[in-house]
Amino acid sequence: MTKRQIWLNLGGLGVLMALLGLVYWQHTGIRAVPGLIEDLQSQDRQAQMLAAEGLKHIGLPAQAAVPALLELATSAGRSSLHSEAAGALPTIDLSAARRVMVHYLPKLQDPDSQIRRDAASVLGALGPVARPAVQGLIGILNDSDTVVRERTVRALGAIVLPTDRVMGGLLQALRDPEWTVRYAAVMQFSFSGFSSPESLAALRDLTKDSNQPVARLAQSAVTAAERPTSIPVQLLMLDQPVDRTYPLLQLAKLGPRAAEAVPKLTSLLMSELPLERYLTASTLESIGPAAKEAVPALQQALHDADPVVREAVAAALESITRTASTTP
Amino acid sequence: MTTDQSTHRLTLFTMLVYWGCILLGLGIPWLATMGVDVLKHNQSLADAAHHLDLHLFAPGYNIFLVGLLNAVPFVLFAIFVLFHMGLAPALDRKLCGRRAAGVLVTAIGMIGLSAWTHVMTLWFPDAQGALAYLFLPFVLLGLMPIAYALGRGLGSLIFR
């Protein structure tokens, strides 16, 4: 081969790599949104599910997809699609996620158990944004349908906030007569960092459960509870430019014990992402009076552009100042 | 055989291996996905192509990126082939034959290992299966000199 031929082939490889890069660029980030909206509006269920998942990862820049996601989350049809579409909304638009919650909340009382099951699943898919639904979910922990109770437990585990009420609901579910419900409840303690002296005692009892999978999972939950959540590790995770939902919720579960995270949390109140600002304010609320130094930043955040964030900020200020004023 | 004929054959062989390696390196994960859909999940070829299209950029699947990752060792090998075979003296039949044997054994070994790994990962899905996609390029890079040495040895036996 001549040197010219060799360089031509290398040039061809360069062109191919540039083309592949261009294709990747066109199909990722905000540029992918129009195509994903088309997929949401198609009749192909798999395409709809993947599009919702893709939009969730794109987050805030996928605002144009909100009407299509709302339509998919609340229309009649398959529940798995409802959950997938609802699960995409919190990273894109908190208010739209709340609208889905408002749509499903009355369905928890529907006479049809299938509708109650779907409602619990969708509320769980919304995650911490569905916090106002916690009371309603706790109300159906005694539902006659086992699947409703199991999905309710999973939903509570996904919503997390407010931690004290969710913990109360999960403790109740640990004593459920049906093993699948107990299993779902124990799972929240095994993998999600929920822990309290009451839950530890209940979990120790469950290590002797007549159902082997429940007993084994309870044993692992007891082991997990004996390993306290490390605040420095959570702070390190908050410094990474990735999804901060997990470390923020872990800190919220710690409550006042997470006080050393307050300076970092204060800086996160200025985050670009409404979901992060919402979770930060909720975490400060869980910490309570120990988060006193965050008050000036919270007062500034009362003017946040997002109404759901403003509501969380107001709740955080109330928790910090009210409890502080009652503390001697 | 004339000089022109030898040069032409060598050029053709080099370009075939060069572009074959690049395109197969890129396409093996995509072909494996379609193949498993057709053979294991009894999908039609059109459905398998649609399934591939949906998952190319989908979070958690990213089959497009898997193709790019798989192609890295193949591209490096293709560049090696371009210079190693492209600059070989076409009239030295013994040297060209030995080099071609080394290159062919390496290419077949890499394609075989890559295809087998991708098909097995998809055929027997596992939570840790995706790790195979991360390790495979390194394994292929390690395989390259070993397979080349084997092929070259074989070439020495054939082209004495």
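Modeller: Two residues are in contact if their C-beta atoms, placed from the backbone, lie within 7 Å. The model is predicted: local features need pLDDT of at least 70, side-chain atom pairs count only at pLDDT 80 or more, and totals for chains, interfaces and linings use all residues. Residues are numbered from 1 along each chain as its sequence is written, while chains are lettered from A and ligands numbered from 1 in written order.

Biologist: Take the contacts in chain A with a separation of 6 or more. What percentage comes from residues 24 or more positions apart?

Modeller: The count covers contacts in chain A with a separation of 6 or more. Residues 24 or more positions apart supply 67%.

Biologist: How many helices does chain A have?

Modeller: Its C-alpha atoms fill a box of roughly 80 × 50 × 40 Å along the principal axes. Helices (DSSP H or I, at least four residues) and strands (E, at least two) are numbered from the N terminus. Chain A has zero strands, and its helices number 19.

Biologist: What percentage of chain A is buried?

Modeller: A buried residue has 20 or more other C-beta atoms within 10 Å of its own. Of the 328 residues in chain A, the buried part is 45%.

Biologist: Which residues have the most contacts inside the largest nonpolar core?

Modeller: Such a core joins buried Ala, Val, Leu, Ile, Met, Phe, Trp, Tyr and Cys through C-beta atoms within 7 Å. This one has 103 residues. Those with the most contacts inside it are A:L69, A:L123 and A:V186.

Biologist: Which helix gives the most to the side of chain B that touches chain A?

Modeller: The contact takes 17 residues from chain A and 15 from chain B. On the chain B side, α1 (3-39) and α3 (63-86) each supply at least two. With six residues, the top contributor is α3(B).

Biologist: Are α4(B) and α5(B) roughly parallel or roughly antiparallel?

Modeller: Helix α4 (93-123) and helix α5 (131-158) of chain B have axes 7 Å apart and pack at about 150 degrees. Axes are lines fitted to C-alpha atoms over the stretch in contact, and angles run from 0 to 180 degrees between N-to-C directions. Under 35 degrees counts as roughly parallel, over 145 as roughly antiparallel, 65 to 115 as roughly perpendicular and the rest as oblique. So α4(B) and α5(B) are roughly antiparallel.

Biologist: And α9(A) with α11(A): roughly parallel or roughly antiparallel?

Modeller: The axes of α9 (146-159) and α11 (179-191) of chain A come within 9 Å and cross at roughly 5 degrees. Therefore α9(A) and α11(A) are roughly parallel.

Notes
A residue is buried if 20 or more other C-beta atoms lie within 10 Å of its own, exposed if 12 or fewer, and partly exposed in between; C-beta atoms are placed from the backbone.
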